[in-house]
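We will go from stop to stop.

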Amino acid sequence: MSSPSLSGITPVFFLQTFILELMHANEQLGQKHCEELIEHIAKTAGCFFEETYRDDTHNNNALDIENYTELILGLKNSIGGKFSLVSANQDCITVSNSCCPFGEQVVNFPGLCRMTSSVFGGIAARNFGYAKVEIKKSIARQHGSCEVCVYTSPHAASGRSGTEYTDTTPVKQMQDIHDLCSRIEESMLQLWRKQRKPATKMHQPPAIVANSPSMRKILQSIEVIAPTTATVLVQGQTGVGKELVAKAIHAMSDRSQKPFIPVNCGAIPESLVESALFGHEKGAFTGAIEVHQGYFERAEGGTLFLDEVDSLSAAAQIRLLRVLQEGELERVGGKKILPVDLRIISATNNDLEDLVSQNVFRKDLYYRINVVRLRIPPLSERPEDLPYLVQLIVRRLSKKYGKTVETVSRDVMQKIRAYAWPGNVRELENVLERSILFASGKEMTELDLELSGPTASDDWKGIRESALARVERAYLDSALKHHQGDVKKVADAMGVTTRAVYGKLQKYGIESAAYKHHRSAGVSVPARKSNRSD
């Protein structure tokens with residue numbers, strides 16, 4: 001029986017994606033909350049791995065006993081386990097394991113066995129209609145090995161201990177999102193192949209990571225609006241990927257075989273912006289020695305992406321309004337009316353409504369470009385996407401620079417999670433690119449995160465959140481060292497509840513247990529005398 005590839009999943013990536021937030025949840029948040037987290041993540045993981053297995057094996061039918069066994073053994077062994085089949089029939093599959101994927105520390109977290117139970121049970125229930133998972137032995141309970149029985153019929157499970165599962169997981173919804181991602185990526189891949197230059201042959205095509213609910217809604221919106229002729233306004237902080245979303249809309253539209261022309265309006269000098277956008281006739285002004293086709297004419301039949309549209313001058317706004325209203329333009333210095341057929345997607349990192357109220361941006365133009373509005377969330381609001389973004393970027397950069405780096409260490413991932421990323425995906429790419437140049441081996445163990453001073457062009461909200469996060473994380477680290485991991489004493493020092501401290505530790509990926517035997521080296525952490533709060 002050949003083992004499926006499971007899309008090249010690595011043990012480190014699996015642990016970072018599904019386990020990082022759980023290892024200390026039982027200690028910090030209580031057993032009930034820990035079990036709820038494990039159950040939720042296990043169902044998501046099970047759906048993901050089943051979909052991946054189906055992609056690898058080109059199997060769209062219900063899994064039979066042999067397929068199911070191949071899937072669960074391949075999954076567990078791909079992430080570091082040593083699972084093998086003991087017996088299998090139509091009523092019961094029994095597997096054993098001699099090495100826990102979660103490592104030796106699993107004895108401190110027996111609740112993680114629920115992860116195996118929920119993954120095995122969820123997949124079985126979806127394909128056989130029913131499942132009960134009985135964990136007869138487990139390394140976590142210090143039995144030395146694991147023995148797991150998956151019963152696939154109520155009759156066979158009668159009288160057996162274990163957890164029952166029925167087909168209640170919203171697989172159809174997840175499959176729809178998976179299919180949507182695939183369609184958008186394929187369209188963008190075709191666009192990339194058509195537009196790329198020979199010099200970029202080592203680079204990978206763009207992809208939108210959408211594992212967070214907010215980004216999934218963006219993908220669903222892209223599919224709805226792409227086939228229409230509606231203008232789109234993309235809003236979001238610097239570096240969130242507004243142009244990538246615009247490209248996806250173009251790639252999914254009927255105009256995908258025509259040009260996609262991106263223009264940064266803020267980078268064009270005000271004296272040249274009208275000529276650059278709308279073109280000019282020979283002799284229109286000093287230096288106009290020949291006819292010049294502007295961006296609008298070059299985007300004919302396709303899509304024109306106007307980034308930083310709020311930086312357009314008043315005169316350029318009037319010309320743009322005419323194009324949108326009448327579907328025609330005049331070159332600077334010209335008298336001939338030229339029809340234009342293109343779609344306009346605009347983008348800004350400012351509040352256009354506020355600029356309209358200040359009479360900086362035309363109200364009539366605002367309504368014309370804002371038929372559909374998409375708000376791209378900052379990276380700080382989509383933590384579910386971080387591991388996937390990191391993996392995608394690391395693999396792309398590793399290929400670009402001829403490196404063997406496949407993933408990042410747990411410590412690096414904790415630092416990535418703890419940082420607010422005011423520069424969003426663009427800043428994340430920059431930091432990872434700088435770090436991968438000095439990395440060796442298959443794992444990046446150092447993160448070159450330069451905490452440089454802010455500039456006036458940076459997003460203030462992001463700067464403030466990042467600064468507060470750095471200070472809070474540094475204080476927690478110092479306080480835990482001083483109090484040798486005693487969370488209650490840290491809470492007293494901060495004037496908050498222990499629950500609030502545990503929440504902050506989880507947010508920054510800090511493990512209080514690591515400080516329990518730490519001796520303070522003259523670090524002074526004064527206690528705050530104030531009422532406790534969350």
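**Cysteines**

The structure holds zero disulfides, a disulfide being a pair of cysteine sulfur atoms within 2.5 Å. This is a predicted model: local features need pLDDT of at least 70, side-chain atom pairs count only at pLDDT 80 or more, and totals for chains, interfaces and linings use all residues. Residues are numbered from 1 along each chain as its sequence is written, and side-chain values use heavy atoms, with hydrogens and water left out.

Select Cys-92. Is Cys-92 buried or exposed? Cys-92 is buried, at a relative accessible area of 13%. Here buried means under 20% relative accessible area, exposed over 50%, and partly exposed in between (1.4 Å probe, protein chains only).

Now select Cys-99. Cys-99 is in no disulfide either; the nearest cysteine sulfur, that of Cys-100, is 7.3 Å away. Cys-99 counts as partly exposed, with 28% relative accessibility.

**The sheet**

Show the cartoon. Helices (H or I, at least four residues) and strands (E, at least two) are DSSP runs, numbered from the N terminus. Find the open sheet of five strands, in the order 1-2-4-3-5, with antiparallel pairing. Two strands pair if DSSP finds at least two bridges between them. Strand 1 (83–88) and strand 5 (163–166) are the edges, and each pairs on one side only.

Zoom in on strand 3 (residues 130–137) and strand 4 (residues 146–151). They run antiparallel, joined by five bridges. Which residue in strand 4 is the bridge partner of Lys-137? The partner is Glu-147.

Next, select helix 5 (residues 113–128). Helix 5 packs on the sheet and touches strand 1, strand 2, strand 3, strand 4 and strand 5. Contact means heavy atoms within 4.5 Å.

Go to Ala-156, in helix 6 (residues 154–157). Leaving out residues up to four places away in sequence, Ala-156 touches Asp-91 and Tyr-151. Asp-91 is 65 residues apart from Ala-156 along the chain, yet their C-alpha atoms are separated by 6.0 Å.

**The largest core**

A nonpolar core is a set of buried Ala, Val, Leu, Ile, Met, Phe, Trp, Tyr and Cys residues joined through side-chain atoms within 4.5 Å. Select Phe-296, Leu-306 and Leu-320: of the 32 residues in the largest nonpolar core, these touch the most other members. Helix 12 gives the largest share of this core, five residues.

Finish on Leu-320. Among the residues that Leu-320 touches are Phe-278, Val-309 and Ile-344.

How values were computed. Axes are lines fitted to C-alpha atoms, for helices over the stretch in contact, and angles run from 0 to 180 degrees between N-to-C directions.
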